[in-house]
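Have the picture open as you read.

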Amino acid sequence: MDDVIVFVGARGGQGTSTIAATAALQAAQHAPTSLLCLDPLATAALLGSSPVLPGDHAEIAPRLTLAGLDGPRGAVTVIDAGMLATAPPPPVGSRTVLVLRGPSYLALHTAVGHPDLHADGAVVVAESGRALSDLDVREILAVPVLATVPFRAEIARTVDAGLLLTEATSLPGLRPVHSLVDGLLPDRALRRQLDVRSPALHRAAHDAPLLDAEVGW
């Protein structure tokens, strides 16, 4: 069964593309992944990869393909849907994650007022000094906060330097996104844990009835 995760920003400038790209890089650690977005050329620049033109698709990292919204899906597909006002309807069976920076009053106001928002959870890009908190997001939107990512200069510098493609999975500030993806893909994460073991340990795990039931493959 394919997994589809849609990231959509409450407004523009929420950090949605950075969160989606980081999630796709983490998902590619588990399974072949497609990162689909409105503007693959801009996303390629954000990641620091070779250009990918609209209508094209290319493998930009091991097991990670970048393409436009009409590109081919992988075993895992991460969609950067842009902002709520212009986002296309999410695919049937996908999980939608709302991205809010601040969290700001305007972002929450926009999300609450959107008639077609059906988010499964939220990611907060947390800025220091804000009056609103994760608790406010949960209470106002009635969805869980799946991850809180600190707004840090080191992440912005990594993007500006074109190094997100190679550094996203190691930046401490982005670890909440890694945990989010691992939590959304538990079966694939467990399967990967078994795959990286030595052959003898892998065979022993495969033969154990409890592990067989947990993996579900």
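Ala142 sits in the loop that links H4 to S8. A quick word on labels: helices (H or I, at least four residues) and strands (E, at least two) are DSSP runs, numbered from the N terminus. This is a predicted model, where local features need pLDDT of at least 70 and side-chain atom pairs count only at pLDDT 80 or more, while totals for chains, interfaces and linings use all residues. Residues are numbered from 1 along each chain as its sequence is written, and side-chain values use heavy atoms, with hydrogens and water left out.

Back to Ala142: its phi is near 60°, a positive value in a residue other than glycine. With 67% relative accessibility, Ala142 counts as exposed (buried means under 20% relative accessible area, exposed over 50%, partly exposed in between, using a 1.4 Å probe and protein chains only). Arg63 also has a positive phi without being glycine, and its spot is the loop between strand S3 (57-61) and strand S4 (64-68). Arg63 counts as partly exposed, at 38% relative accessibility.

Here are the positive phi values side by side:

| Residue | Phi |
|---|---|
| Arg63 | near 65° |
| Ala142 | near 60° |
| Gly162 | about 70° |

Another thing to look for is the peptide bond from Gly102 to Pro103, which is cis, with omega near -5°. You'll find Pro103 in the loop between strand S6 (95-102) and H3.

Now for the helices. How do the axes of H3 and H4 cross? Helix H3 (residues 105-113) and helix H4 (residues 134-141) have axes that come within 11 Å and cross at roughly 20° (axes are lines fitted to C-alpha atoms, for helices over the stretch in contact, and angles run from 0 to 180 degrees between N-to-C directions). So H3 and H4 are roughly parallel to each other (that label is for angles under 35 degrees). The contact, meaning heavy atoms within 4.5 Å, is made by Leu108, Ala111 and Val112 of H3 and Val137, Ile140 and Leu141 of H4.

Last stop: helix H5 (residues 153-160). Which of its residues are buried? They are Ile155, Thr158 and Val159. These cover an arc of only 100° around the axis, which puts them on the same side of H5 (the arc is that of the directions from the helix axis to the C-beta atoms). The face turned away from that buried side carries the exposed residues Arg157 and Asp160.

Notes. Angles under 35 degrees count as roughly parallel, over 145 as roughly antiparallel, 65 to 115 as roughly perpendicular and the rest as oblique.
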